[in-house]
Amino acid sequence: MQNAIVGKPILETHDLTRKYGEFVAVDHLNIAVAAGEIFALLGPNGAGKTTAIKMLTTLLPATSGDATIAGFSITHDPSNVRASIGYVPQLISVDGTLTGYENLLLFAKLYGLPRVERKTRIAESLEFMGLTEAAHKSVHDYSGGMIRRLEIAQSMMHRPALLFLDEPTVGLDPIARNLVWEHIVELQKTFGTTILLTTHLMEEADELCDRVAFLSRGKLSVVGTPQELKNSLGDPNATLEDVFIHYATESLDADTRSTYRTIKQTRNMAARIG
Ligand SMILES: Nc1ncnc2c1ncn2[C@@H]1O[C@H](COP(=O)(O)OP(=O)(O)OP(=O)(O)O)[C@@H](O)[C@H]1O
Ligand SMILES: [Mg+2]
């Protein structure tokens with residue numbers, strides 16, 4: 001368990017820390033992600049997941065510590081880091097007034113893809129994300145799931161080795177969510193892309209991630225495969241949601257912790273009764 005990984009790390013953080021004034025949002029974070037993994041940062045609202053991703057994507061300077069991506073330091077070599085990554089933020093990152101094709105063209109130019117390659121690359125990306133038919137429709141007319149897939153296509157235009165997805169399935173219905181996930185897994189399989197994502201859906205993380213790390217109040221609580229973490233609770237029926245609650249409440253006072261446990265027990269009871 002812990003931070004042991006199989007294979008060469010593509011991402012490593014070293015005491016990565018971010019403060020907002022006196023408040024420590026990410027506190028001496030040490031994680032390593034192997035090339036080709038699907039890895040999730042999990043934890044309650046405000047745990048520091050987005051802040052960590054913003055530092056790793058070089059959008060926010062670290063207060064102290066460092067991280068390397070594909071061997072490049074986020075503090076000393078941010079432009080090489082940016083060339084190695086793609087990023088889909090928590091909030092919408094496509095332009096609603098443009099078509100899907102136009103959005104991708106904008107990013108093809110931004111990433112400096114040669115003119116002769118642009119058309120083919122855009123067509124490939126649209127095809128890959130299942131958006132060929134919608135290519136020339138305004139994004140205003142896209143569903144939430146189509147927008148997410150377009151954002152992923154956009155972030156992959158330059159074929160980065162590592163892709164950051166901050167809550168890629170938030171707000172999507174189960175069908176749209178599954179479709180987004182199928183495409184994420186396909187990216188990993190086809191291009192060997194490493195994926196670092198966040199989600200609040202523990203079932204999703206359990207099913208699809210090679211390893212997950214739990215953050216609580218900016219600190220790393222635990223990291224491992226979903227199975228290892230479930231086993232670590234010593235209950236054969238434990239779910240990843242139980243792991244979440246266990247680590248999220250670890251740092252809370254006894255009263256709050258027992259409230260969580262009571263809610264959980266009541267829910268379990270209700271589920272058994274039907
Ligand atoms: N610009 C900022 N100024 C001050 N505090 C901030 C700022 N951005 C984030 N924070 C605080 O840092 C903490 C971590 O926020 P962050 O957005 O990283 O959490 P998160 O784990 O992504 O949460 P969520 O699951 O809700 O997306 C929170 O307490 C948040 O209020
Ligand atoms: Mg967030």
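User: How many aromatic pairs does the rule give here?

Analyst: Rings of Phe, Tyr and Trp (its six-membered ring) pair if their centres lie within 6.5 Å; planes under 30 degrees apart count as stacked, over 60 as edge-to-face and the rest as tilted. By this rule, the count in this structure is 4 aromatic pairs. This is a predicted model, in which local features need pLDDT of at least 70, side-chain atom pairs count only at pLDDT 80 or more, and totals for chains, interfaces and linings use all residues. Side-chain values use heavy atoms, with hydrogens and water left out, residues are numbered from 1 along each chain as its sequence is written, and chains are lettered from A and ligands numbered from 1 in the order in which they are written.

User: What geometry do Phe107 and Tyr111 have?

Analyst: Phe107 and Tyr111 are edge-to-face, with 5.8 Å centre to centre and 65° between the planes. For accessibility, buried means under 20% relative accessible area, exposed over 50%, and partly exposed in between (1.4 Å probe, protein chains only). Tyr111, at 28%, is partly exposed.

User: Which parts does the pair of Phe128 and Phe191 tie together?

Analyst: Helices (H or I, at least four residues) and strands (E, at least two) are DSSP runs, numbered from the N terminus. Phe128 belongs to helix α4 (residues 115-128) and Phe191 to helix α6 (residues 174-191), so the pair ties together parts that are 63 residues apart in sequence. The pair is tilted, at 5.4 Å centre to centre and 50° between the planes. Phe128 has 22% relative accessibility and is partly exposed; Phe191, at 38%, is partly exposed as well. Elsewhere, ring pairs link Phe214, Phe244 and Tyr247 into a cluster.

User: Which residues coordinate the magnesium ion?

Analyst: Donors are N, O and S atoms within 2.8 Å of the metal (3.2 Å for Na, K and Ca); water is not among the atoms, so sites may look incomplete. Here Thr50 (OG1) and Gln90 (OE1) coordinate the magnesium ion (ligand 2) at 1.9 to 2.4 Å. These two residues link distant parts of the chain, 40 residues apart: Thr50 is in helix α1, and Gln90 is in the loop between β7 (85-88) and α3 (100-110). Gln90 is partly exposed, at 34% relative accessibility.

User: How much of the accessible area of ligand 1 does the protein cover?

Analyst: Accessible areas come from the Shrake-Rupley method with a 1.4 Å probe; for residues, only the protein chains shown count as cover. Ligand 1 has 640 Å² of accessible area on its own, and the protein covers 61% of that. The shell around ligand 1 draws two or more residues from β2 (23-29) and from α1 (49-56), and α1 gives the most, with 3 residues.
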